[in-house]
Amino acid sequence: HLTKSLLIISMGLTLNVQAQTLPTNTLTRDNGAPVGDNQNSTTAGSNGSVLLQDVQLIQKLQRFARERIPERVVHARGTGVHGEFVSSGDFSNLTQAAPFAQKGKVTPVFVRFSTVIHSKGSPETLRDPRGFATKFYSDQGNWDLVGNNLPVFFIRDAIKFPDMVHSLKPSPVTNMQDPNRFFDFFSHEAGSTHMLTQVYSNLGVPASYREMDGFGVHAYKFVNRDNQVKYVKFNWKSLQGVKGLRPDEVVKVQGQNFNHLTDDLYSEINKGNYPKWDLYVQLLDPTELNKFDYNPLDATKVWLDVPEQKVGTMTLNRMPANFFQETEQAAFAPSNLIPGIEPSEDRLLQGRMFSYADTQLYRLGANLSQLPINKPLVAVANHNQEGAGNMGHTQSDVNYQPSVHLALAEDNRYRAVTTALTGTVQQTAISKQDNFSQAGVFYRSLSKQDRADLITNLAGDLGKVNDTNVKHQMLSHFYRADPEFGERLTKAVKGDLADVKQRSI
Ligand code: HEM
């Protein structure tokens with residue numbers, strides 16, 4: 001105790017001495033020492049070389065060279081914003097998850113919206129799904145709902161994700177995105193028909209982040225205190241409405257302001273115009289999983305005709321004070337779950353359960369959860385320790401569990417819910433793939449104008465494909481979704497746009 005007090009006293013003295021001698025606006029080096037000259041390097045005489053002893057020069061250059069961390073391998077360009085989620089009821093009959101425990105309960109949130117494929121400074125006008133990731137700082141720990149603005153995904157098995165992303169990213173040879181490459185991949189992936197139809201609709205270039213819906217995409221499991229399970233999908237509905245840019249508007253906006261999404265969010269929120277989303281859930285009893293023509297745990301499918309129920313409203317109301325600290329360093333992971341929410345058996349989700357935490361250990365390091373933006377509001381109590389940048393919470397020499405010296409113990413109310421399984425270890429695609437019908441349902445749900453725009457958008461990229469087999473395979477997928485869709489697209493790809501123009505009037 002004596003040594004500790006002396007240390008604290010001496011630290012206090014040092015700080016006091018510094019505060020007394022240095023005016024608060026004195027420029028300092030990272031060690032806190034004042035800088036004498038920030039304009040001229042130290043040289044050996046008026047004509048001599050710069051000296052290695054110029055710590056200020058060297059430290060500035062060193063720190064500058066280390067300003068970047070790896071950008072996210074996907075979703076690199078994004079905009080973060082703080083807000084709150086308010087539960088619209090007590091849903092403890094469905095889930096023990098804290099944010100839904102009582103009507104009016106407020107949970108702070110942080111949302112990061114993003115584009116997917118291109119890098120950090122890329123135009124926000126490029127066609128892409130948009131990320132819609134929400135971190136709930138709940139009183140049972142952080143829950144991340146890492147979703148997109150479209151309700152389905154291109155693939156249904158995580159083993160295909162790196163190949164899909166390679167095909168969509170700029171070519172390793174030319175550094176340009178190339179429809180020849182990604183349609184080559186998708187021509188082997190009939191399950192992508194639904195997502196491609198969505199992303200080539202005007203939803204693929206949102207007018208603003210405020211005017212898009214959000215979807216968890218996968219089924220998760222809601223588990224209540226009696227360990228009863230319901231499969232659940234989470235859907236955000238924008239109270240600002242949903243608006244995508246039409247093909248000619250994309251060109252116009254891109255020419256004027258390719259940061260239109262970020263710009264809109266900063267200016268509207270700073271004006272006090274706070275956007276809101278209602279959160280809806282769709283629920284399925286485990287006994288119902290086999291009653292559909294499709295597999296409800298397949299990420300290429302929406303749950304058609306399964307009713308939705310509103311569970312709360314989110315309001316976004318504060319832009320971060322610093323982009324790097326609160327957005328670039330934010331880490332969302334589908335594996336950040338809390339009691340009452342578990343992953344379903346969806347194969348794509350199972351891969352994501354691993355991938356995000358893994359990439360973040362590389363991108364941000366072992367102590368990423370200690371960064372303020374990622375830190376839970378509740379105390380973290382475990383024996384994960386040390387690593388680069390550790391701010392530490394182990395203050396005892398009992399850094400293991402169980403121990404007679406420590407009361408820290410697990411709470412078996414939070415064990416994983418028991419799930420009955422049957423079958424053999426295997427590598428087989430799912431049955432009931434139903435690759436086309438929901439794409440057709442989506443196509444037919446569009447207005448005349450939106451159908452024409454979809455065909456214009458899709459023909460623009462598909463028309464660039466040189467390989468006729470790839471082109472025909474893709475056209476056959478869209479034809480199988482809806483014959484009218486396939487026929488009009490085939491004409492448009494051949495350059496006959498008369499039909500598109502006529503029907504959009
Ligand atoms: C970001 C992998 C599918 C939404 C990421 C990142 C990785 C990744 C590695 C970068 C994370 C980081 O650096 O922090 C995967 C894999 C997938 C998959 C392996 C399929 C197996 C999906 C799906 C969705 C989605 C289906 C939507 C439901 C997002 C979002 C982000 C992201 C929103 C950005 C999070 C942020 O704002 O920081 N994904 N992803 N991903 N992914 Fe996925």
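Q: Which residues of helix 4 are buried?
A: In this predicted model, helix 4 spans residues 179-186, and Pro179, Arg181, Phe182, Phe183 and Phe186 are buried there. A residue counts as buried if 20 or more other C-beta atoms lie within 10 Å of its own.

Q: What covers the buried residues of helix 4?
A: The cover includes helix 3 (161-168), helix 5 (193-199), helix 11 (448-462) and helix 12 (468-481).

Q: Why is Thr28 called exposed?
A: Thr28 has 12 other C-beta atoms within 10 Å. A residue is exposed if that count is 12 or fewer, so Thr28, with 12, is called exposed.

Q: Where does Thr28 lie, and which residues is Thr28 in contact with, leaving aside neighbours within four places in sequence?
A: Thr28 belongs to the loop between helix 1 (2-21) and helix 2 (55-65). With those neighbours set aside, Thr28 is in contact with Ala33, Pro34 and Val35. Gly121 is 93 residues from Thr28 along the chain, and the C-alpha atoms of the two are separated by 31 Å.

Q: Which residues of helix 7 are buried, and what puts them on the same side?
A: His260, Leu261, Asp264 and Leu265 are the buried residues in helix 7, which runs over residues 260-270. They cover an arc of only 130 degrees around the axis, and therefore sit on the same side of helix 7.

Q: What lies over the buried side of helix 7, and what does the face turned away from it carry?
A: Strand 1 (78-87), strand 2 and helix 6 (247-256) are among the elements covering the buried residues of helix 7. The face turned away from the buried side carries the exposed residues Ser267 and Asn270. Just after helix 7, Gly272 takes a positive phi of about 90 degrees.

Q: Which members of the largest nonpolar core touch the most other members?
A: The largest nonpolar core has 48 residues, and Val109, Val111, Trp143, Val232, Phe332 and Ile341 touch the most other members. Not counting residues up to four places away in sequence, Ile341 touches Thr95, Ala97, Trp143, Tyr220 and Phe222. A second, separate core holds 39 residues, including Tyr200, Val217, Leu349 and Val470.

Q: How many residues surround the ligand, and which element gives the most to that shell?
A: The ligand is surrounded by 28 residues, the closest being His75, Arg112, Gly131, Ala158 and Val217. Helix 9 gives the most to the shell, with 8 residues. Strand 2 (106-115), strand 3 (130-138), strand 4 (141-148) and helix 9 (347-363) each supply at least two shell residues.

Q: What is the make-up of the shell around the ligand by class?
A: The shell has 14 nonpolar, 10 polar and 4 charged residues.

Q: What share of the chain's contacts with a separation of 6 or more joins residues 24 or more positions apart?
A: Such pairs account for 73% of those contacts. The chain contains 14 helices and 10 strands, and 36% of its 505 residues count as buried.

Q: What pLDDT does the chain average, and where is the pLDDT below 50?
A: The chain averages a pLDDT of 94, and 94% of the residues score at least 70. Over residues 1-19 the pLDDT is below 50, and this stretch has 1 contact in the model beyond near neighbours in sequence. The model scores ipTM 0.97 and pTM 0.94.

Methods: Residues are numbered from 1 along each chain as its sequence is written. This is a predicted model: local features need pLDDT of at least 70, side-chain atom pairs count only at pLDDT 80 or more; totals for chains, interfaces and linings use all residues. A residue is near a molecule or strand if its C-beta atom, placed from the backbone, lies within 6 Å of it. Ala, Val, Leu, Ile, Met, Phe, Trp, Tyr, Cys and Pro count as nonpolar, Asp, Glu, Lys and Arg as charged, and the others, Gly among them, as polar. Two residues are in contact if their C-beta atoms, placed from the backbone, lie within 7 Å. A nonpolar core is a set of buried Ala, Val, Leu, Ile, Met, Phe, Trp, Tyr and Cys residues joined through C-beta atoms within 7 Å. The arc is that of the directions from the helix axis to the C-beta atoms. pLDDT is the predictor's confidence in each residue, from 0 to 100.
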